Amino acid sequence: MVERVFISPSKYVQGRNAIDKIGGYLKGIAKTAVVIADQTVWKIAGHKVVHELKKENISAEEVVFNGEASRDEFERIAGIARNAGATIVVGIGGGKTLDTAKAVSDQLNGYTVIVPTTASTDAPTSALSVVYSNEGVFENYRFYKKNPDLVLVDTKIIAEAPPRLLASGIADALATWVEARSVISKGGKTMAGGVSTIAAEAIAERCEEVLFEYAHLAYKSVQAKVVTPALEAVVEANTLLSGLGFESGGLAAAHAIHNGFTALQGEIHQLTHGEKVAFGTLVQLTLEKRSLEEIEQYIGFYISLGLPVTLEDIKLAGASREDIIKVAEAASIEEETIHNAFQITADEVADAIIAADQYARAFKEKYQQ
Ligand SMILES: NC(=O)c1ccc[n+]([C@@H]2O[C@H](COP(=O)([O-])OP(=O)(O)OC[C@H]3O[C@@H](n4cnc5c(N)ncnc54)[C@H](O)[C@@H]3O)[C@@H](O)[C@H]2O)c1
Ligand SMILES: [Zn+2]
C-alpha cells in the first residue's frame with residue numbers, strides 16, 4: 001500500500017508590509033544570511049530585507065541572481081554562501097530565484113526563507129525546485145528533505161508588481177485542482193512522495209473556488225496597485241492553496257505539457273510559466289473529454305485575464321506538426337507527471353494540443369467578433 005503524504009512549510013505569513021517583520025521572525029536563528037534576488041528585485045525589496053536583518057544583528061551576504069534556476073547557478077551561489085558562513089538562505093523574487101534559494105539552502109543544510117515579490121507561481125511553499133539548463137530547457141525536478149522554514153508574503157509589494165505576473169500565478173493555481181483531481185481519481189502519486197490526503201484535496205478544490213470568485217477583482221486591484229481583500233484572497237490561493245494543493249495533491253498533464261514547451265526554441269521562451277500552464281490546462285481538459293461548457297468556462301476566464309489560449313497566443317502560430325510532436329514527446333517521457341493520471345502516447349498528446357488550440361480559436365470567433 002502506498003502511504004498518504006502531506007507536506008508544507010513550517011510557517012506562512014501574508015499581509016501588507018509583512019516584510020517589515022522579517023527580522024522578528026529570524027531573530028536568534030543565526031548570525032549570517034545569504035540574500036538572493038535579481039537586479040530588479042534588489043531595488044524593490046532586497047535592500048529593505050537586508051536593512052531589517054541588520055536591526056536584529058544578522059549580517060547579509062548579498063547575491064545578484066543571474067536569471068536561470070540551473071545547476072551552475074545553484075553551485076555558484078552555494079559557494080558564495082559557504083565562504084560567507086551563511087546558514088540562513090533568503091530568496092526574494094519570482095519562481096526561479098525562489099527555486100534557486102531552496103537549492104542553495106539544501107546544500108548548506110540551511111534555514112530557508114522565501115519572500116515572493118509577485119504571486120506569479122506556486123513555487124514559494126514547496127520542497128522542490130524545477131531545474132533548467134542554462135538555456136532555459138526543463139531538466140528535472142529536484143526534491144528536498146524539507147519545505148521552506150518561513151514563507152513571508154508582503155501583499156503591498158505584490159500589489160505593485162506587473163498585473164501580467166499575477167495573472168500568470170492565477171493560471172498556475174487554476175491548474176492545481178484540474179491536475180490534483182485527475183491524480184486523486186487514479187490513485188496516482190503526488191510530488192510529496194505518496195498518495196493524496198483529504199486535506200490536500202480540500203485545499204486544491206478551494207483554490208479553484210477562490211480564483212473563480214476573486215481573480216478578476218484581484219487583477220483589477222493590481223492594475224490599480226492597491227491591496228484589497230480580494231487580492232489577499234487570490235495571493236493566498238496562488239501561493240499557499242496552490243502550493244500545498246499541487247505538491248501534496250499531484251501534478252498531471254498540464255505541467256508536463258508546460259515542460260514540453262520549454263524544449264522548443266524561439267519566442268515561446270518569452271512566456272511566463274503560468275502562461276504556458278494555462279495552455280497546458282486546456283490540453284488536459286481536452287484529454288479528459290470535458291464538456292464544451294466546461295472548457296469554455298476556462299477559456300473565457302483566461303482570456304478575461306489577458307492569458308494565452310491558442311498556439312498563436314503562445315507564439316507558436318507557425319509551429320509544424322514536428323514541433324508539436326517534439327513538445328508531446330517531451331511531455332510524455334517516462335518520468336513526467338502526465339503518467340500520474342493518464343495512460344497516453346505522445347501522438348495522443350500532440351492531437352490534444354492541436355485540438356485545444358482549435359477549441360480556443362472557435363471560442364474567439366464565436367464571442368469576440
Ligand atoms: N518549485 C516549485 O514548486 C515551482 C512551482 C511553480 C513554478 N516553478 C518555477 O518558477 C519559475 C517561474 O517563475 P516566475 O513566473 O515567477 O518567473 P521568473 O522567476 O523567471 O521571473 C519573474 C520576473 O519577475 C520580476 N519580478 C519579480 N517581482 C517583481 C516585482 N515586484 N515587480 C516587478 N518585477 C518583478 C523578476 O525580476 C523576474 O524578471 C519556473 O522556473 C517554474 O518552473 C517552481
Ligand atoms: Zn506551476
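This is a predicted model: local features need pLDDT of at least 70, side-chain atom pairs count only at pLDDT 80 or more; totals for chains, interfaces and linings use all residues.
Residues are numbered from 1 along each chain as written, and chains are lettered from A and ligands numbered from 1 in the order written. Local features need pLDDT of at least 70 and side-chain atom pairs pLDDT 80 or more, whereas totals for chains, interfaces and linings use all residues.

Ligand 1 is surrounded by 29 residues (C-beta atom, placed from the backbone, within 6 Å). Gly94, Gly95, Ala123, Val130 and Ala161 are the closest. At least two shell residues each come from helix 2 (39-55), helix 4 (95-108), strand 6 (128-132) and helix 6 (163-186). Helices (H or I, at least four residues) and strands (E, at least two) are DSSP runs numbered from the N terminus. Helix 4 gives the largest share, four residues. By class, the shell holds 10 nonpolar, 14 polar and five charged residues (nonpolar: Ala, Val, Leu, Ile, Met, Phe, Trp, Tyr, Cys and Pro; charged: Asp, Glu, Lys and Arg; polar: the others, Gly among them).

UniProt, in an unreviewed entry, places "domain: Alcohol dehydrogenase iron-type/glycerol dehydrogenase GldA" at residues 9-155. Such annotations may be inferred rather than shown by experiment. The span is 35% helix and 31% strand, and its end C-alpha atoms lie 19 Å apart.

The axes of helix 12 (residues 321-331) and helix 13 (residues 346-367) come within 8 Å and cross at roughly 125 degrees. Axes are lines fitted to C-alpha atoms over the stretch in contact, with angles from 0 to 180 degrees between N-to-C directions. Ile324, Ile325, Val327, Ala328, Glu329 and Ala331 of helix 12 meet Ala346, Val349, Ala350, Ile353 and Ile354 of helix 13 (C-beta atoms, placed from the backbone, within 7 Å). This contact has 10 nonpolar, no polar and one charged residues.

Conventions:
Two residues are in contact if their C-beta atoms, placed from the backbone, lie within 7 Å.
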